[in-house]
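I want to know how they pair up and what sits over them.

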Amino acid sequence: MMRTYHCFWLLFWAGQPHQSFLTPLSKRTSGFPEKEKVLILSGNSRRDLHRSKRSWMWNQFFLLEEYTGTDYQYVGKLHSDQDKGDGSLKYILSGDGAGDLFIINENTGDIQATKRLDREEKPVYILRAQAINRRTGRPVEPESEFIIKIHDINDNEPMFTKDVYNASIPEMSDVGTFVVQVTATDADDPTYGNSAKVVYSILQGQPYFSVESETGIIKTALLNMDRENREQYQVVIQAKDMGGQMGGLSGTTTVNITLTDVNDNPPRFPQSTYQFRAPESTPPDSPVGRIKANDADVGENAEIEYSITEGDGYDMFGITTDKDTQEGIITVKKALDFENKNLYILKVEATNTHVDPRFLYLGPFKDSATVRIQVEDVDEPPVFSRPAYIMEVKEDVPINSVIGTVTAQDPDAAKNPVKYSVDRHTDMDRVFNINSGNGSIFTSKPLDRETLLWHNITVIAAEINNPKQSSRVPVFIKVLDVNDNAPEFAMFYETFVCENAKAEQLIQTLSAVDKDDSYSGHQFSFSLAPEAAGSSNFTLQDNRDNTAGIFTRKTRYNRHEMSTYFLPVVISDNDYPIQSSTETVTIRVCACDHRGKLLSCNAEALIHPTGLSTGALIAILLCIIILLVTVVLFAALRRQRKKEPLIISKEDIRDNIVSYNDEGGGEEDTQAFDIGTLRNPEAIDDNKLRRDIVPETLFMPRRTAAARDNTDVRDFINQRLKENDTDPTAPPYDSLATYAYEGNGSVAESLSSLESVTTDGDQDYDYLSDWGPRFKKLADMYGAMDSDKDS
């Protein structure tokens, strides 16, 4: 390569006019300069020119980068026209790299580069030069700038912006389809030579792809590239500088190209015929089998829709698509019946849902296959002739009346016999029953439409040979109405009539209801009972609209003579058989004002304008009674608490159950009870008080005369009983006293049956019959003994 160097004149203007000289620094050479480059500093004569400003005018130095020599690289020479060669001047260099990268010989002005320079790091250096007097140190020339430009050489290879490029294009693309653009840059100077001129070429990837040499655009180079054959391609692109000439530097990059899918493949069944089996008991919507058509495409291009296009099972089966597996699921739409049909043949079609019109020329994007479904026989439960039964029965039918029949039969070829039963969970009261052989339903209890209109029961039909095979059917039984209920008042009627009422005055309007159902509407008739029709003080008028009015027959009424009237009214319906009832209207005679407003009645006012109601009065009375009872109980409890016994003994007869089944010793037993104490009041200790209760007031015991020895015990006991009744110190509670002592010399003597055996003489027990019915059993016993002795 030929390089040209230019030499310039340096003009120096002194502060005062000097003579100007123009000296050529160097001449243009080819190749590296053979002569030194001199920049002359010139001054003008002060006598010739008069200027107030002086400056240097510099041209540029040019220096090659990447110098490989062993010596310092020579740049150029500075020279001043005031330099006489006697060494009195000193040259100084400053600026970019001065003293480090660039040095100057202060005596001769020669400039040299001490290091290898790289244009890509810094292409231009700006320096300043000055000449000074060595002795005085004063500048003889003003400081001026000059430039050193680094000339470029091809020392940088092209670099791609990415190490690896990724791109994708649809498969089956046309030739020349844009894929991606790669870009490489060269750090060399694009304005100097061809060092930065990059050319692209393809090293790997042919014949599938090509690249434009100047732009780096990669395009398809082969027609109908199929993703199903090959999906990934790796292309290597080279970028070379120097315009691609020999000796240029180069760099490479890798481009990974992926072919994306398009719908260019139709679905295909791997086989033409499929076989499936389905039991006849398979419920609807249950799957029978799966089929799948293969599609080489992926994603939405491989989505398939299945359909049944024809066949004798078009209505019996359906098919849906599993979105995850792209399989066709064949399902049962209706119940299967082996006895009716045991083989179905279907034609199933698989179609792409997303079809690309560009590839329709490849053929229809669908395929079909034949599906054969064999129905298998199973033991089925009985089948009723209807899904539900509705029956009607009149409510007055007698028990055991047949109201309807249900029918079921075994659908299998064996035709097993069937037995019927009623699900008692649906007929808890056992109102109905069924004949297990023929399925006839009959009543087992009376029916009442007014109580229950509909009876919903379930009938079970089971095979006799296999009771587990059973089925159920609902039976709805409607009870039809018959006229078996008499009409009655819609409410309880209790009205009043004023004492000053006038004749033919309306006092009450009556209405009636009937529990029975009437298809044409109820029609009631009202009349007075025969016993009240002639003697009643009131009349009844039938309004012919299911209402009636009660009117007064006379002018005045007296509540003191008759306070309440009971008017019997007969209500009849017009259905068959006619039903009637007698209802009573209570009419009270009350005092009213002149406007007919109720004031009061004899027994109680029907309406109390003022005061309290009957319920309120009863409540107040109950509260008073409860309060009084509470006060009485409280007083009694306080009294009992005051007389609480001081000593609680186990022998206390009030707190213990005393057994009296011990007979005792009879008259001779003087240890059990001393009769002398009872007959001798003087034996009572005057100072001894009761120990079983708290003493309140000390009362001295009464002194009674001693009983005579011949006094009868009965008189004695009666006397003591009277004294105790009137004694204020007697205990307030019930006491148990034993008076079992007969006494000495009793006229009745002993009545003991044990002692009577020892008597020699016969006894007469006839007097026992005179003692009344309580001694009848005893009289019969001893009377029978006398009869035995006589016999």
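**Ring pairs**

I count 13 aromatic pairs, taking rings of Phe, Tyr and Trp (its six-membered ring) as paired if their centres lie within 6.5 Å. I call planes under 30 degrees apart stacked, over 60 edge-to-face and the rest tilted.

Phe209 and Tyr233 come out edge-to-face, because their ring centres are 5.6 Å apart and their planes stand at 75°. This pair links distant parts of the chain: Phe209 is in strand S14 (residues 209-211) and Tyr233 in strand S16 (residues 232-240), 24 residues apart. Strands here are DSSP runs of E, at least two residues, numbered from the N terminus.

Are these two buried or exposed? Phe209 is buried at 2% relative accessibility, and Tyr233 is buried at 7%. My cut-off for buried is under 20% relative accessible area (1.4 Å probe, protein chains only).

Next I looked up Phe489 and Tyr493, an edge-to-face pair at 4.9 Å centre to centre with 85° between the planes. Phe489 has a relative accessible area of 8%, so I log it as buried. Tyr493 is buried too, at 5%.

Back to Phe209 and Tyr233: together with Tyr208 they form one aromatic cluster.

**Charges over rings**

I count a charge as over a ring if NZ of Lys or CZ of Arg is within 6 Å of the ring centre and within 35 degrees of the ring normal. Lys122 has its charged end over the ring of Tyr125, 5.6 Å from the centre. Lys341 lies over the face of Tyr344, 5.4 Å from the ring centre.

**Ground rules**

The model is predicted, so local features need pLDDT of at least 70 and side-chain atom pairs 80 or more, while totals for chains, interfaces and linings use all residues. Residues are numbered from 1 along each chain as its sequence is written, and side-chain values use heavy atoms, with hydrogens and water left out.

Notes
Helices (H or I, at least four residues) and strands (E, at least two) are DSSP runs, numbered from the N terminus. Buried means under 20% relative accessible area, exposed over 50%, partly exposed in between (1.4 Å probe, protein chains only).
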